[in-house]
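Good morning, and thank you for joining the group meeting. Please bring up the sequence and the structure, and I will go through the fold with you.

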Amino acid sequence: MPRPAEQPSGGEGEQRSGGLRVAVRREGRARVVSVEGELDHGSANGLWTALSRPVAGGEERIVVDLTGLRFCDSTGLNLLLRARLDVEAAGLRLELAGPRPVVARLFAITEADTVLRIHPDLDAALRTADPPQRGRDDVE
């Protein structure tokens, strides 16, 4: 799959790929990528395209809203894990929100939940920010 810098620039919007609907919008300093349907080998390209868009000014993170995701296979899991690395290499964070039990179970069984930042729902993800970094002057 192409790296983020290799993808053509694209605006916000919605697309369908196989059995997956992907919608992209901006919420403050976050790019929110909402997915609905089934994420598998036949539909992964639609999500990959949305995740690999070049960084817009002011974006700090990408939040993938999984609320509408009914199924995810190993292709989808690998896509999310690779996207995390690519997004971090671009200086952003990749966060997931609202996985249904069947998807959360996949993350738990594979221990992907130990490396992916997962929030219970989109609202919680958007409210959450990283704790401030402590500098040398903050050391007690």
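E1 and E2 form a hairpin with 2 residues between them, and in that turn Gly18 has a positive phi of about 60 degrees. Strands here, like helices, are DSSP runs numbered from the N terminus, with at least two residues of type E for a strand and at least four of type H or I for a helix. This is a predicted model, in which local features need pLDDT of at least 70, side-chain atom pairs count only at pLDDT 80 or more, and totals for chains, interfaces and linings use all residues. Residues are numbered from 1 along each chain as its sequence is written, and side-chain values use heavy atoms, with hydrogens and water left out.

Gly13 has Val24 of E2 as its bridge partner, and Glu14 stands opposite Ala23 in E2. A further hairpin joins E2 and E3, again with 2 residues between the strands, and Gly28 takes a positive phi near 60 degrees there. E2 and E3 run antiparallel and are joined by 8 bridges, with Arg31 in E3 as the bridge partner of Arg26.

How many residues of H1 are buried? The number is 6 of the 8, so H1 is largely enclosed by the rest of the structure. Buried means under 20% relative accessible area, exposed over 50%, and partly exposed in between, with a 1.4 Å probe and protein chains only. The buried residues of H1 are Ala44, Gly46, Leu47, Trp48, Ala50 and Leu51, and their cover includes E1, E2, E3, E4, H2 and E5.

The parallel part of the sheet comes next. E4 and E5 pair in the parallel sense over 5 bridges, and Arg61 has Arg93 in E5 as its bridge partner. The chain crosses from E4 through H2 to E5 in a right-handed β-α-β crossover; right-handed means that, with the strands pointing away from the viewer, the path from the first strand over the helix to the second runs clockwise. E5, H3 and E6 likewise make a right-handed β-α-β unit. E5 and E6 pair in the parallel sense over 3 bridges, and Ile118 in E6 is the bridge partner of Leu96. Of the 5 residues of E5, 4 are buried.

I turn to the interior. A nonpolar core is a set of buried Ala, Val, Leu, Ile, Met, Phe, Trp, Tyr and Cys residues joined through side-chain atoms within 4.5 Å. The largest such core has 29 residues, of which Val33, Val35, Leu47, Leu51 and Phe107 touch the most other members. E2, E3, H1, E4, H2 (74-89), E5 and H3 each give two or more residues to this core. Another core, of 6 residues, lies apart from it, with Ala30, Val32, Leu122 and Ala125 among them. Leaving aside neighbours within four places in sequence, the contacts of Val35 include Leu20, Val22, Leu47, Val64 and Leu66.

Finally, some totals. The protein chain has 4 helices and 6 strands, and 42% of its 140 residues count as buried. Among contacts between residues at least 6 apart in sequence, 69% join residues at least 24 apart.

Methods: Pairing = 2+ DSSP bridges. Contact = heavy atoms within 4.5 Å.
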